[in-house]
Number of protein chains: 2
Amino acid sequence: AAAVEQTRALREAGDVGFFDLPDDRDAARQAMTYAQNLPPEIDTMVVLGIGGSSLGPHAAYSALAPSLDVLRPRSPGMPRRLLFPDNADPRSFEAVLDLCPLERTVFAVVTKSGGTAETAAQLLVVYKKLEDALGSAGVKRHIVAITDPSSGVLRRVADDLGIESFPIPPSVGGRFSVLSPVGLVPAAAAGLDVMGLLDGARRMRDRVIDGSAATNLRENPALLLASLLYLHDTERGRSQVVMMPYADQLYECADWFRQLWAESLGKERREGGHVENVGPTPIASRGATDQHSQLQLYAEGPADKVFVLFTTRERDSDLTMPASALTEHPEYSYLAGKRMGDLLDAELWGTFGSLTRRGRPAATITLERVDAEAIGEYFMLLEAATAFAGPLYGVNPYDQPGVEEAKKLAYAAFGREGYEEAAREGAPPEPDPRYVFR
Amino acid sequence: AAAVEQTRALREAGDVGFFDLPDDRDAARQAMTYAQNLPPEIDTMVVLGIGGSSLGPHAAYSALAPSLDVLRPRSPGMPRRLLFPDNADPRSFEAVLDLCPLERTVFAVVTKSGGTAETAAQLLVVYKKLEDALGSAGVKRHIVAITDPSSGVLRRVADDLGIESFPIPPSVGGRFSVLSPVGLVPAAAAGLDVMGLLDGARRMRDRVIDGSAATNLRENPALLLASLLYLHDTERGRSQVVMMPYADQLYECADWFRQLWAESLGKERREGGHVENVGPTPIASRGATDQHSQLQLYAEGPADKVFVLFTTRERDSDLTMPASALTEHPEYSYLAGKRMGDLLDAELWGTFGSLTRRGRPAATITLERVDAEAIGEYFMLLEAATAFAGPLYGVNPYDQPGVEEAKKLAYAAFGREGYEEAAREGAPPEPDPRYVFR
């Protein structure tokens, strides 16, 4: 209950904004208006972003757009496809640019601070290409910025150049931003049901933090989930949380959770002069695929994991294994006339049974069907669980101080001005030749 | 040294065949001949396989084919694209079939036993479609089987129907099969350098098990890697191995390693009446992307991980961040005129420095460039390390007894004949309503 109360206090103080995103219908309407007004020849949105700026919209798109949507040939009137080159890899980014003609592409630049190095690198390449090919009108037509409403370099750039932009509320951190324009603008461009996302999230929000029952462990799924995962970690040594969707379209939702849980809870906790390193390790695993890769370890390896099997009751496809000459073989006959989705369900059940029989704790999250409301509920459920797990672990789930040093050292190695001292300090030691192989 | 000697003995007894795959030039030539003789209108190979039957060829294809190859429009004479629907998900499998017209597609069915449920399900759907549309000639033209040379249902089916087939040597297990036809046939279809893969693997093989220096820890990179990872796990409690490529094209190589390490070493070890659950947890992580997702946990969370940063000295792209109006802003100016690949290298260096300064052990694997020989070396290095780690952990790295129960329970849940007893035994307990939310 204290975890809920603490979180409520942060929300009321205006420090933690994600709970209130589902109420911002205007943001959703603006995203939809923007998408409707995009020129019809634009059939692709490339999201320039990394981490929370990419994982959230990617999760929503994978879950809700047609399967393998990026491979489908585009025709007029179709919703746009989305691409997420969430890295500063020159080879794959060049391929994205080769495959997406400028005239048919809009680039959504997503960075709250504006300065994220990987995103800035992508933006610089795209900006120059657009300006050279299409001039400043082309820049305005083919770039949209999603960033802080008032500060940061991308905000200044967007205002200076008249680039359309959407705000990320200052009280919403990157990994909690999927229900802000970070997620909504790409979702709208892909023709997804953005209001449905917000509706589902709001319903879950009302349940897990707003209602009077929210402080009751038995009435609050987010609180119970956070508490059980926390106790399994700290009391039973089960520090790894395996999120295992049994539907390909839900895999990126597990990857989204992987950031949320890791970056929020993996922290150095200082009490008195004492430093403790805490936090669970989330793992995204694909069912049934990983039964042929990780299940051996999950079943027989150390008892250091908790499992969350994530699935859907209804599947969009009734694809059936037909009877044929092949099903006359006894090894195949049991499949004849059955639905492939039922096989996948049976596999989930086999894994669940095998794990729990061995005393390995497993939970299931089952959507009635994969639609925008259910995905909105899922996002809010896990964001709230993360918010509550922060106080349980005694850490601030909203910061990420541990990544600063690596950034500084990277700037130093890259020769960025102002980082000369970090370059001197951070000069790598010569590797011990006994451990070097060529 | 004993780990090497034990592995040598298994190899000499003919029980462990993967070390000898690089010598089988005939297998490579047959794969190339097959690929050359494929009808020119076939522009896509869909690999029907799961686990080791998909991860190996997928890793080779991602590493060596052009970036985002599946998205590139096909034209005559182009190498074929590969798709890996490695799951029994009806929604995504239906999408694969919609996107790949039968006349332009060949289906490579890869399963050693022939009976793998997910692969069988895919095959049954494809077989009936081909037979209905193109008759038995179509089946022969559009299916190729990669399976045991003499036993199993797929072997019988291929022989009965006159489907072209390639053998998986009986002494080569699925997760060690990438250099067998499992990897070579798809690689050849995609126009990759299959001989180069074998050449690189052979060079590494000669170094890590054949030479007299192979029993010397200081001369054998596979043995040193296995030993260090084993000691970090068992002596220091660092049970998680994070394989983190800093090149998008290498990500699937990390995912391949994830199966290899987990399924080989995650085992129940029985000594006397005593049962112990052992094995490290491999994690695939994407650099620099996961710096914005996992690095906070890696840097400040519990000291339970070892890091292997995997990269390449040369990158295929010199993509540069150009000077423009944007780089007049100080937050962007440091990027102007620099190569994106150098940024990625600097990020690796920042992460490496930040982790090692905190006493978190990290190693790097650096390819000179990503070519077939280097990838062949990588495969063999990690296969050999896995083989050596088995005796260190005191487990058999070549079996996977822990997945059988889940299979049995899945068959039972699916209503397969002969599993009635498992169905009764495995009937799930009613969930405790205190833990159920709707």
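Guide: Happy to; we will take confidence, symmetry, the interface and some backbone details in turn.

Visitor: Let's begin with confidence. What does the model score in ipTM and pTM?

Guide: Keep in mind that this is a predicted model. Its scores are ipTM 0.97 and pTM 0.98. For chain A, the average pLDDT is 96, and 99% of the residues score at least 70.

Visitor: Now symmetry. Which rotation superposes chain A on chain B?

Guide: The general idea is that two copies of a chain are related by a rotation about an axis and a shift along it. Here the rotation is 180°, the shift along the axis is 0.0 Å, and chain A lands on chain B with an RMSD of 0.0 Å. The two copies are therefore related as by a two-fold rotation axis. To locate that axis from chain A, look for L71(A): its C-alpha is the nearest one in the chain, 3.1 Å from the axis.

Visitor: How should I read the interface, and what area is buried between chain A and chain B?

Guide: Interface size is often given as the accessible area lost when the parts come together. Between chain A and chain B, about 12600 Å² is buried, with carbon and sulfur atoms giving 61% of that area. Chain A brings 150 residues to the contact, and chain B brings 150 residues.

Visitor: Why can one say that the copies meet through the same surface?

Guide: Because 100% of the interface residues of chain A are also interface residues in chain B.

Visitor: And the specific interactions: how many salt bridges are there between chain A and chain B?

Guide: The count is 12 salt bridges. One to display is the pair E405(A) and R357(B), whose side chains meet at 3.1 Å, N to O. On the side of chain A that touches chain B, helix α13 (residues 340-357) of chain A supplies the largest share, 13 residues. By class, that side holds 70 nonpolar, 42 polar and 38 charged residues.

Visitor: Finally, the backbone. Is the peptide bond from G287(A) to A288(A) cis or trans?

Guide: That bond is cis, with omega near 0°. A288(A) sits in the loop between β9 (281-284) and α11 (295-300) of chain A. In chain B, the bond from G287(B) to A288(B) is cis too, with omega near -5°.

Visitor: What is phi of L68(A), and where does this residue lie?

Guide: Phi of L68(A) is near 55°, a positive value in a residue other than glycine. You will find L68(A) in the loop between α3 (52-64) and β2 (81-83) of chain A.

Note on methods
Residues numbered from 1 in each chain as written. Chains lettered and ligands numbered in written order. Predicted model: local features only at pLDDT ≥ 70, side-chain atom pairs only at ≥ 80, totals over all residues. Heavy atoms only, no water. Least-squares fit on C-alpha atoms with pLDDT ≥ 70 in both. Contact = heavy atoms within 4.5 Å. Buried area = accessible area lost by both parts, 1.4 Å probe. Salt bridge = Lys/Arg side-chain N within 4 Å of Asp/Glu carboxyl O. Helix = DSSP H or I, 4+ residues; strand = E, 2+ residues; numbered from the N terminus. Nonpolar A, V, L, I, M, F, W, Y, C, P; charged D, E, K, R; others polar. pLDDT = per-residue confidence, 0-100.
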